[in-house]
Amino acid sequence: MTTRVPIVENILNANDHLAEVNRARLDAAGVFSINIMASPGAGKTSLIEQTLPRLKERFRVAVVDGDIATSIDADRAAQAGADAAIQVNTGGDCHLDAVMLRGALEQLDLSRFELLIVENVGNLVCPASFKLGTHKSVLIASIPEGDDKPYKYPGMYRGVDALVVNKIDLLPYVPFRMEYFTHGVEVLNPGVNTFPLSAKTGEGMDAWLDWLTSQVKSKR
Ligand SMILES: Nc1nc2c(ncn2[C@@H]2O[C@H](COP(=O)(O)OP(=O)(O)OP(=O)(O)O)[C@@H](O)[C@H]2O)c(=O)[nH]1
Ligand SMILES: [Mg+2]
C-alpha cells in the first residue's frame, strides 16, 4: 500500500496562512502593497527607480527587495528615494515567501508608510506559487524576453492583477509580435490591466502611476 505524504501541499498551506497574517498586519497599518514579479533583468528595479521619485510628493514608500544574494537592488531603491529599503537574501531560493516578508515587515514601522513595493526574485515560475500577503501582484514582461512567454509560463500570467510590458523603446530593434503576445495574455487573464512602458525613456509611465495611485488611495 502506498501512503501519499503531501509535504508540498502542507508547505504551501502554511505559507498561505502566514500570508494572511502579513495581509492583516498591512491592513491594520493602512499600507497598500504590491508584489512585483518578472524574469531576471525584465526591469523590476528599473521600474521601481522610475516610480519612486514620481510618487515622492504623494506617498511614503517602503521597498522590500528579494534577491538570492547582494543588496544591489535595495541600494538602488534607497538611492532612488525610497523612504525605507530592505534587502531580503533568499540564500538560493528562487522566490520570496511569506516568512521572508514577515521578517522584513518586522524591520519596518508600518505606520510611517502608505505604500509597500516588494520586488520578488527574478523568476517566472516559483514566485507564482508563494503568496506573500500583498494586496496586488504585478508582472513585468519585457520586449527582449520574446512574445511567447504567456504561452510558456501560463501560471505566472494567469494570477496577476496588472501587467507591465517594459522596454517598449526596444520594439524597433527586437522581433516581438504584440498581437501574438496580447492574445496569449487575454486567454489566460482576460482584461488584465496592462501598461506598456519604458523604464528607460519614461514613455507610458503616467498610466502605470495613475493605476498605482488609485490603488493606494482606494486602500485609504
Ligand atoms: N532599453 C531598456 N532597458 C531597460 C529598461 N528597463 C530596464 N532596462 C535595463 O535592463 C537591465 C535590467 O534591469 P533591472 O531593473 O536591473 O532588472 P530586474 O528585473 O530588477 O533584474 P533582477 O533583479 O536581476 O531580476 C538593466 O540594464 C536596465 O538598464 C527599458 O525600459 N528599456
Ligand atoms: Mg532587480
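Colleague: Before we start, what are the ground rules?
Modeller: The model is predicted, so local features need pLDDT of at least 70 and side-chain atom pairs pLDDT 80 or more, while totals for chains, interfaces and linings use all residues. Residues are numbered from 1 along each chain as its sequence is written, chains are lettered from A and ligands numbered from 1 in the order written, and side-chain values use heavy atoms, with hydrogens and water left out.

Colleague: Ok, which residues come nearest to ligand 1?
Modeller: Lys44, Thr45, Ser46, Arg76 and Asp169, out of 19 residues around it; a residue is near if one of its heavy atoms lies within 4 Å.

Colleague: And which helix gives the most to that shell?
Modeller: α2, with three residues. Helices here are DSSP runs (H or I, at least four residues) and strands are E runs of at least two, numbered from the N terminus.

Colleague: Switching to the metal: what coordinates the magnesium ion?
Modeller: Thr45 (OG1), Asp73 (OD) and Glu119 (OE), at 2.1 to 2.2 Å. Donors are N, O and S atoms within 2.8 Å of the metal (3.2 Å for Na, K and Ca), and water is not among the atoms, so sites may look incomplete.

Colleague: Is Glu119 buried or exposed?
Modeller: Buried, with a relative accessible area of 3%; buried means under 20%, exposed over 50%, partly exposed in between (1.4 Å probe, protein chains only).
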